Amino acid sequence: MYLSIGNDMAVRSKSIVGIFDLDNTSTSKRTREFLNQAEKEGQVIPCDDLPKSFILTAEYGFQRVYLTSLSSYTLEKRRRVAADDFAR
């Protein structure tokens with residue numbers, strides 16, 4: 001099952017480690033350091049618009065950070081709806 005994250009992109013639901021709001025998490029020094037390091041290592045997938053949240057994925061031994069203009073609330077809601085539909 002895949003989660004649409006905007007900009008014609010989707011990620012595997014099973015690979016999602018977390019969905020994070022940039023406004024709330026970027027105030028943390030550790031989060032800023034993590035995002036800077038991920039960017040240096042080429043793990044950040046940017047979005048076209050102003051990012052509101054990021055999705056951390058881990059799959060096949062690789063981490064990726066997807067920036068998205070969708071809110072973390074919207075993404076989590078889509079994730080829950082997709083999981084409910086899949087369970088039926």
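The chain exposes about 6200 Å², of which carbon and sulfur atoms supply 49%; accessible areas come from the Shrake-Rupley method with a 1.4 Å probe, and for residues only the protein chains shown count as cover. The model is predicted: local features need pLDDT of at least 70, side-chain atom pairs count only at pLDDT 80 or more, and totals for chains, interfaces and linings use all residues. Residues are numbered from 1 along each chain as its sequence is written, and side-chain values use heavy atoms, with hydrogens and water left out.

**Overall form**

- The secondary structure comprises 3 helices and 6 strands; helices (H or I, at least four residues) and strands (E, at least two) are DSSP runs, numbered from the N terminus.
- Along the sequence these elements follow the pattern β-β-β-α-α-β-β-β-α.
- The chain has a radius of gyration of 13 Å, close to the 12 Å that the globule rule gives for 88 residues, so it is as compact as a globular protein of that length. The radius is taken over C-alpha atoms, and the rule is 2.2 Å times the number of residues to the power 0.38.
- Taken along the principal axes, the C-alpha atoms fill a box of roughly 40 × 30 × 25 Å.
- Of the 88 residues, 32% count as buried; buried means under 20% relative accessible area, exposed over 50%, and partly exposed in between (1.4 Å probe, protein chains only).
- Among contacts (heavy atoms within 4.5 Å) with a separation of 6 or more, 48% join residues 24 or more positions apart.

**Nonpolar cores**

- The largest nonpolar core has 9 residues: L3, I5, V11, I16, I19, I55, Y66, L70 and L75. A nonpolar core is a set of buried Ala, Val, Leu, Ile, Met, Phe, Trp, Tyr and Cys residues joined through side-chain atoms within 4.5 Å.
- Strands β1 (2–6) and β3 (16–21) each supply at least two residues of this core.
- Another core, of 7 residues, lies apart from it and includes L22, L35, F54 and V65.
- Leaving aside residues up to four places away in sequence, V11 touches M1, Y2, L3, I5, I16, T57 and Y66.

**The aromatic pair**

- The structure holds 1 aromatic pair; rings of Phe, Tyr and Trp (its six-membered ring) pair if their centres lie within 6.5 Å, and planes under 30 degrees apart count as stacked, over 60 as edge-to-face and the rest as tilted.
- The ring centres of F20 and F54 are 5.0 Å apart and their planes stand at 25°, so the pair is stacked.
- F20 in strand β3 and F54 in strand β5 (residues 53–59) are 34 residues apart, and the pair thus links distant parts of the chain.
- F20 is partly exposed at 29% relative accessibility, whereas F54 is buried at 3%.

**Two individual residues**

- C47 sits in the loop between β4 (44–45) and β5 and is buried, with a relative accessible area of 13%.
- The C-alpha atoms of C47 and L67 are separated by 5.6 Å, although the residues are 20 apart along the chain.
- Beyond residues up to four places away in sequence, C47 touches N7, L67, T68 and S69.
- T31 belongs to helix α2 (residues 29–40) and counts as buried at 18% relative accessibility.
- A polar atom of the T31 side chain lies 3.3 Å from the backbone oxygen of T25.
- Not counting residues up to four places away in sequence, T31 touches T25 and F54.

Technical notes. Polar contact = N/O pair within 3.5 Å; in protein donor to acceptor, adjacent residues only side chain to side chain.
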